[in-house]
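Subject: Structure handover

Hello,

Here is the structure for you to look at. My notes follow below it.

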Amino acid sequence: MHHNFLFDLDQTLLDFHASEREALEIVVTKHGLMFHEDIYRRFKEYNKSLWLELEKGTISRTELFTMRFNDLIQNCGCDITKFDALKINDEFIYTMSVNGILMDGALEFVKKIKEEIQDSRIYIISNGATVNATGRIRSTGLDKYIDGIYISEALGVNKPSVEFFDICLKDIGEQKGSCIVIGDSLTSDMLGAKNASLRSVWFMPQGDIGKAVSAYNIDYCASSFDELFAILSKWAEHN
Ligand SMILES: [Mg+2]
């Protein structure tokens, strides 16, 4: 039996937003467009609204990819007929996948877990696209410390569904009591742990913490990697 740590990826170990911003700047600049904060803010807002439309089924994936870059090109004051929005989108997705950015101290933290907590196993549990997640993990060197990666796109189910965790647990092949979920999101990570009857650590908690802790049966909260390490090493001693 091992100590199995199931880590969420984005805003837990990797900074998704920083990677997205970096990739956008690289690609937009490469195409001779002007990149600045307003362009980025507008892209994020519009992109978010398009993903909601996609979830509702009112637009397709291809439409989403085209629309978000046509909008960006227009906001840069350029003519959309002179650019290939889908090609720019592909470049953006690729560039992001090779530009992972770690949360401050994340690499040292996972290294310390592997070195100082006996029989520790680190797994990634993430909602998202496989290439994007695995590429960013590899580009940061995080992969050296990871024992397994579970991505929703490959599994065909998302956190917080119990099916997502059933697949992970079956593959890990150890008892639930040897596993603990660590993540920043209440609605995917903490709810998922609750649905799957797993122990949980809410990382970087915010808002009404007391209310969330009781609503999601959260076992621990940690506001830094130092706090998280202390909680996990203590948990491992007793499990
Ligand atoms: Mg997250």
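Two strands count as paired if DSSP finds at least two bridges between them. By that rule S1 and S2 pair in the parallel sense, over five bridges. Please keep in mind that this is a predicted model.

**Strand S1**

S1 pairs on another side of the story too: four bridges join S1 to S4, and these two strands run parallel. Leu6 stands opposite Tyr123 in S2. Asn4 has Cys179 in S4 as its bridge partner.

How many residues of S1 are buried? Five of its five, so to speak: S1 is mostly covered. His3, Phe5 and Phe7 point one way from the strand, while Asn4 and Leu6 point the other way. In a regular strand the side chains alternate between the two faces of the sheet.

**Nonpolar cores**

The largest nonpolar core has 31 residues. Phe7, Phe109, Leu228 and Leu232 have the most contacts inside this core. Two or more residues come from each of S1 (3-7), H5 (106-116), S2 (120-126), H6 (130-140), S4 (179-183), S5 (199-203) and H11 (225-237). H11 gives the largest share, seven residues.

Leaving out residues up to four places away in sequence, Phe7 touches Thr12, Leu13, Phe109, Ile113, Ile122, Tyr123, Ile124, Ile125, Ile182, Leu228 and Leu232.

There is also a second, separate core of 17 residues. Ala23, Tyr40, Phe69 and Cys76 are among them.

**Magnesium site**

Which residues coordinate the magnesium ion? They are Asp8 (OD), Asp10 (O) and Asp184 (OD), at 2.1 to 2.2 Å. The spacing of the donor residues in sequence is D-x1-D-x173-D. Asp8 sits in the loop between S1 and H1 (16-30), and Asp184 in the loop between S4 and H9, so the pair ties together parts that are 176 residues apart in sequence.

Buried or exposed? The cut-off for buried is under 20% relative accessible area, and exposed is over 50%. Asp8 is buried, at 6%. Asp184 is partly exposed, at 25%.

**Helix H8**

H8 spans residues 162-172. Its buried residues are Phe164, Phe165, Cys168, Leu169 and Ile172. Why do they count as one side of H8? Because they cover an arc of only 125° around the axis, which puts them on the same side. An α-helix has 3.6 residues a turn, so residues three or four places apart point the same way. Lys170 and Asp171 are exposed on the other side of H8.

The cover over the buried residues of H8 includes S1, S2, S3 (148-151), H7 (152-155), S4 and H9 (186-195). Gly173 follows H8, and its phi is positive, near 75°.

**Thr95**

Thr95 lies in H4 (residues 85-97). Its relative accessibility is 11%, so Thr95 counts as buried. Leaving out residues up to four places away in sequence, Thr95 touches Ala23, Ile26 and Val27.

Best wishes

How values were computed. Residues numbered from 1 in each chain as written. Predicted model: local features only at pLDDT ≥ 70, side-chain atom pairs only at ≥ 80, totals over all residues. Heavy atoms only, no water. Core = buried A, V, L, I, M, F, W, Y, C linked by side-chain atoms within 4.5 Å. Buried < 20%, exposed > 50% of the residue type's maximum accessible area, 1.4 Å probe, protein only. Contact = heavy atoms within 4.5 Å. Arc of directions from axis to C-beta. Donors = N, O, S within 2.8 Å, 3.2 Å for Na, K, Ca; no water.
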